[in-house]
Amino acid sequence: MSTLNLDVYMPVVILIVLALLVAGGSLFLGSLIRPQHPNKLKETAYECGEEPIGTAWANFNIRFYVIALIFIIFDVESALMFPVAAVFKRFNEIGLGGTLLMSIFTFVLILVAGIVYCWKKGDLDWVKSFNQVAPTQPSFGKKD
Amino acid sequence: MDYTISTVAPIVLLPFFAFVINVFLAKRVPLAAVAISTLAIFGSFICAFRIFLDFQNVYAVGYHIHKVFTWFDLSAGEHLFKVNMGIYIDNMTAVMLLMVTAVATLIHVFSTWYMHDDERFARFFVYMSLFTSAMLGLVLSDNLLSMFIFWELMGFCSYSLIGFYYEKEGAGNASMKAFMTTRVGDVFFLLGILICWMIVGSTTFVDIYAAIGAGKFAGSFNVFGIALPIATVAAFSVFMGTMGKSAQFPIHVWLPDAMFGPTPCSALIHAATMVAAGVYLSLRMFPLMEAGHLLTFIAYIGAITAFGAATIALIQTDIKAVLAYSTISQLGYMVIGIGVGSYNASFMHLITHAVFKACLFLSAGSVIHSIHCQEMPQMGGLRKKLPYTFFAMLLCCFAIAGVPFFSGFVSKDRILGDALVLALENPSYWGVAILGFGGALLTAFYMFRMLFLTFFGEPRDHHIYDHAHEEHIGWNSNVPLLILSVFTLGLFYSGSFTGQGEINLFGSKNEWFSTLIHKPEASHLEHFAHYEHEDFGATDTRDKVELPKAQYDENHGMDEHHAHWVHQIHHLGAILSILIAFSGIFMAYLMYIKKSVNPGWWAETFAGWRRALQNKYYFDDLYINKIIQKGLLPFNDMLAKFDSQYYDKYVVDGTAVLNRWAFNVARWFDNNIIDSGMVDGTGASVRAVNLILRTIQSGKIQLYFIVLIVVLGSYILTLRF
Amino acid sequence: MNSTVVSYLSQSNEFQNIHAWLSKALGFDASSLMAFVIFAIVALIIVGVMATIGGAGTYAERKISADLQARVGPNRVGPFGLLQFLADGVKMILKEDIITTNADKFVFNLAPVMCLVGVFATLAVVPYSSGFILADLNVGIFYLVGMASLVGVGVFLGGYASNSKWSLLGGMRGASQIISYEIPATITIISIVLLAGGLSMKTLIGAQGGGMQDWFILHNPFAFIGFFVYFISALAETNRAPFDLPEAESELVSGYHTEYTGMKFGLFALAEYIEVFVVCGVAVALFLGGYNVPFDLGTGALFSKSLGLDSMLSQNIGQLLQLGAFFTKTLALYYVVIWVRWTLPRLRVDQLMTLCWKYLTPIAIFNLLGCAVWMYAFDGKSIFALIMAATAGGGAHH
Amino acid sequence: MISLGAYLGISFILFICGIMVMIARKNIIAILLGIELILNASALNFAAYTKFVNGNLEGHIMALFIIITAAAESAVGLGIVIRFFQLRESIHIDDASTLQN
Amino acid sequence: MFANTLFLLSAVLTLAGAVLVVYSQNLMHACIYLLASLFGVAGLYACIGADFLAATQLVVYAGGVIILMLFAIMLTGGTGNRTNKYGLEKIPAMGNKKTFMIAAFAAIVSALIVIKVTIPVFQNNKNLIVAANAPTVERIGTLLATDHILAFEISSVMLLGALIGAAVISRPRKEIHD
């Protein structure tokens, strides 16, 4: 088994530092030469030329969360799938491909069941959920 | 003969699986359910027949198969608390298995004809399968506990089948009555099991035998200063189970009412198998009965039942009621057999009775099915319409009446002969012998009364007669009856016609019944301690050749002189029973064919007796009107009266007066001390404690978490490692 | 195992000499130091090139769009307007930096930097050639996926920090779009990993060949579909048209960078253009044979053998050929990206999600399973090898 | 070479920080942040022991599953938080002190 | 040499992130600091040769969990301190002096627990064999496909449960416009 020299991570660190340097450097450079005349109107958030009403940090549609939720599940799934996929070729060469194929199928199909469920329930529909009105949910929320 | 779980288990499991499958199938595909049930029981029959053949080949008394597995084991050191489940097959079990599966198969086949018009055709088979499997499980059980489980399962099936026509008025009550009445016996039976368990530490028959042999039952319970011998208490408790299940006096009242069920179920459950299971239990526990000195009691119970039921049967007009009382009466004979120590004969009577009584019930079912009526006065002359049924019933009546060459004669005569022997030795048994012979006379009379009323003479109700279906031979209508009726011949059970080895047709080899079924006698119970048992799945490795072949013993283990005397007495008894049987038949002939003796005269002369008989000796009246209504309800009323008049008047009102006085004292106390001091103080303290508790139980997760950390910390930080 | 640009250069004698000299002069093993220096230099080169490509990307975009729309495009600064992007860059730096009063200043400053860090970190594993790769990590492609997801965080934070309604909407949309399209892309990558049998870039590319028949895109039908799934997902992940909803001018003004001015906006733009290059490079590496040059010219063995050149020199020539192959393919894809942008109309947000979750993800999962079955059924042979075996009775072409 | 103690020390501090966050914060999401810290500390411990004690990769597998579980946990946990917020318009942990809504 | 540098950088990032998570009074900032801390942990994984774990940490945490948390923060109303119509504190404070004192107490107790438990284990493992750094992807893949196949499959069931459970819990039930 070959050993792993940690030096391979060096470019990663260098590049991250470089990114910080580029960003910081350009901003610093800019701050030396660019004009600096702030006024109140300039520092107001753009809202089609009107005075901004309230703050933008308001509640958001929950569909974003459901999407993120499905995403994280599949993200984790891919984290598990990567090493197994990486060894699939080798397993196939020594004749164990069938069993691994079965386990990959099981694994993926179970997750497909999840996405099928979400599909059926309309979690993947962006528009449809606008029109979904809860039947009788006790709501403490605003009646917007 | 390598018996493993796979050769034995199907006997029980086939009907059980049929039950499980049919539960789901019954509603949707009834015919498939029926077929599955019938095929399953036939499969059991094949297995049982194989076992029977094996035992016949080995032909040794001591041959047995005993396989166990540990169900649960809670033993602690010396104190045994272990329950083994297992199967125990000896010659008796093998015969019993064969009888049960054969009769059940034929009855299943018959039911496919008898019940096929019924709307709950398939459900009937569901119950029948469950029942058969329970009965077979009971027969195979090697211990009292699993026997009890199957026993109760059968009780449930009996309950369901008696109430099968629940639309019919009385069926529900009858099923309830059967269930509740047998419960009386079952409670005692469970008590007996517990006593055995307590004494022996196991409920296996073999262990109990060995324990009896070793004298473990010799002690006595001390209840309120009265010393009760353990063996007697245990034996009585177990025998109460028999009394309940086998409908012995005085808790026989459920069996006649059980005739509300369909006739095939009466044939299987209430004639051939379940009621016989009670006797089977007593036979299994015979050493315990003997050790408990309970045999005389048992014999008298049996004699009273045999005679009393026979007398009631005399005047019944319902064909199934006659058969029901005759069943009770015959069960009484078996119990007499146990009581007089005639183990072998009693068991033989169990088997022969199962066969001919099943046949009788099926014949009665055939009659009922063809004329849709159960009342004998409306029948008559059916001989021409139902020739095959008539033939079967005739043979069975010969058998039950004790006509020579028929099985009933062989078995009943041996019981009565032994009773006579015992009576001559011990005068206290005279009552048993007389009642037994008297019952035999009555049996012959009422059976032929039934036969004559049904099949002979002129049709008394032409409407019914004309509408009766002509009988044709059919594989599921009357072939089962004919098969069963063939086996009412005595030579299948005994090589001789008399059962005494007298007219020996086929050599002593054919006395297999009395040769193989051996009484577990008190004198050599110790050898049961050496009965080895095996785990399930282990194959039988014992060398069969080494077992000595059983030989027919002319003297039955007695010395020559005594045996000779006994034989003499038996001959006397045999002649006496032949005479009695024929005189009974002749009386019936005179009354109902020749009509030279008018039954009406008898009825008028003995009007009081007749009324008593019609009311079944007022047993139902006694139980319901006297014990429950006069005893329990008045007691109830008395309590109520006491409560309302005396208790209320003096105790309650008196207390009120006292209270009123005390109240004044208390008020002062209350106002001054309790309220201001303690109540407010309590409130304050509760508020204080509340503060603590509220803080703890606040629903605030972080607080819980802190408490968790602190507790965990104080635990771990005090540990040393 | 892990080949880096350092391990490539260490084959040369000069490197060994310098190493020996330095170690002697400094008194300790200087390999780490040298590695650091080389890495730093190479990283600087790459960043420079990337910045140039990013800048040139804006120029190319304008020129190509003008071409497509029958306009002239930038033509004032320099010949054919070639220096336009430099002018833009200078303008960015010179613009006033405005932070709105209600903004979350810390996050506002952090967001573009995070985007830039995420994109720059991915450059470490982009395989320009077999030697000229910064670090061939064992988990190469997986690392790339992880680092690229930082961009999503940056976009979201940028939208959030501005405290402007347009920004926030754009940020939310952008983040959810990026994460959504990461799923089909990742699953397609897994199916290619399945074919190649490893996660490192060298394994992935080494399993392919120079000729088109050895590329994974033509390995089997599933991989062929997979390429398009990956490419569409990559477009959406980089917020390129037709998936540029987060910055949809007509409805969201300018999306998550509405409130950004000057160089911070420039950083966002730079990150975006570099990311486009990176995903094109990944697409090339995964599907189009990567840096492989036909007829094994990339190893340089042919030059040293037939022309009798010095081995290092011939290897260098091979590397140059490989670089050429890689950049040609990548820039061709880059062109396609720009072409698509100016050809297709923008999708609606519900169409975007429908495309991702109802078409691409199921297809990607199907492709994954299909690739697995293909691997199992045909022992990993490509469709071309199978045809060759069937027709000529010969073995695989590898 | 960095010793095992260094990694254990880092994971210890991570763990303590997680505990601090879990108890000091009154915002449910912030508490979830603390939980993530604690889970990371444990996963780091597993990985460190793999490196320094036995070298087989059981610890890595364990850490992998910890990461997976953490992801699933935060998905469900945040879902509950959002639902709670819809009902109560609050994500104060002390408002979540009753079993019924 | 570089290993130590990497370790130091990662450790500083991790610890600084963690400490800032504790002291930040802004939830969004705390979340970003957590991201930094998780990045540092990824670096630590890289230091111990767990390259796959490091990448997983990046993919799952940086790409997944943090995004999810940011979304959840946005969905629960950003970071402003306001009260809703019931007078409840809508977005609660990030704790105050009192809670931090309690937290410090709890932290000290739990620190004692950890030290008490860890020290014997640590001392019993003094002579440690340090495994060489080696690529782990293939070995982890092999382990997942052989020894831990059940855990691998069951984790998919767990993920399915989490997906369905969370989707059911957080499904929109009233009309919301964005």
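In the predicted model, helix 3 and helix 10 of chain B are roughly antiparallel to each other, because their axes cross at roughly 160° and angles over 145° fall in that class. Two packed helices are described by the angle between their axes and the distance between the axes. For helix 3 (residues 91–114) and helix 10 (residues 263–272) of chain B, the axes come within 8 Å. The crossing of helix 3 of chain B past helix 10 of chain B is right-handed. On the side of helix 3 of chain B, the contact is formed by Val103(B), Ala104(B), Ile107(B), Phe110(B), Ser111(B) and Tyr114(B). Helix 10 of chain B contributes Thr263(B), Pro264(B), Ala267(B), Leu268(B) and Ala272(B). By class, nine residues of this contact are nonpolar and two are polar, with no charged residues.

Chain B as a whole contains 26 helices and five strands. Of its 721 residues, 49% are buried. Among the contacts in chain B with a separation of 6 or more, 79% join residues 24 or more positions apart. Helix 11 of chain B (residues 274–284) is mostly covered, with eleven of its eleven residues buried. The buried residues of helix 11 of chain B include Met274(B), Val275(B), Tyr280(B) and Leu281(B), as well as Ser282(B) and Arg284(B).

Several loops of chain B show backbone features of note. Most residues other than glycine have a negative phi, and most peptide bonds are trans. In the loop between helix 8 (230–245) and helix 9 (254–257) of chain B, where Pro250(B) lies, the peptide bond from Phe249(B) to Pro250(B) is cis, with omega near 5°. Ala247(B) is placed in the loop between helix 8 and helix 9 of chain B and has a positive phi of about 55°, although it is not a glycine. Ala247(B) counts as buried because it has 29 C-beta neighbours inside 10 Å, and 20 or more are required. A positive phi, of about 75°, is also found at Phe405(B), which is not a glycine. Phe405(B) belongs to the loop between helix 16 (387–401) and helix 17 (407–425) of chain B. With 15 C-beta neighbours inside 10 Å, Phe405(B) counts as partly exposed.

Contacts between chains were also examined. The contact of chain E with chain D takes 75 residues from chain E and 61 residues from chain D. On the side of chain E, at least two residues each are supplied by helix 1 (2–23), helix 2 (27–47), helix 3 (51–75), helix 4 (97–124), helix 5 (137–145) and helix 6 (149–170). Helix 4 of chain E gives the largest share of that side, twelve residues. The side of chain E that touches chain D divides into 53 nonpolar, 19 polar and three charged residues. Between chain B and chain E, the contact takes eight residues from chain B and nine residues from chain E. The side of chain B that touches chain E comprises seven nonpolar residues and one polar residue, and no charged residues.

Chain A has four helices and zero strands, in the order α-α-α-α from the N terminus on. Of the 144 residues of chain A, 43% are buried. The mean pLDDT of chain A is 74, and 69% of its residues reach 70 or more. Over residues 129–144 of chain A the pLDDT is below 50, and this stretch has 19 contacts in the model beyond near neighbours in sequence. Where pLDDT is low, the predicted coordinates should not be read in detail.

Conventions: Residues numbered from 1 in each chain as written. Chains lettered and ligands numbered in written order. Predicted model: local features only at pLDDT ≥ 70, side-chain atom pairs only at ≥ 80, totals over all residues. Contact = placed C-beta atoms within 7 Å. Nonpolar A, V, L, I, M, F, W, Y, C, P; charged D, E, K, R; others polar. Axes fitted to C-alpha atoms, helices over the stretch in contact; angles between N-to-C directions. Parallel < 35°, antiparallel > 145°, perpendicular 65-115°, else oblique. Left-handed = near helix turned anticlockwise from the far one by under 90°. Buried ≥ 20, exposed ≤ 12 C-beta atoms within 10 Å, placed from the backbone. pLDDT = per-residue confidence, 0-100.
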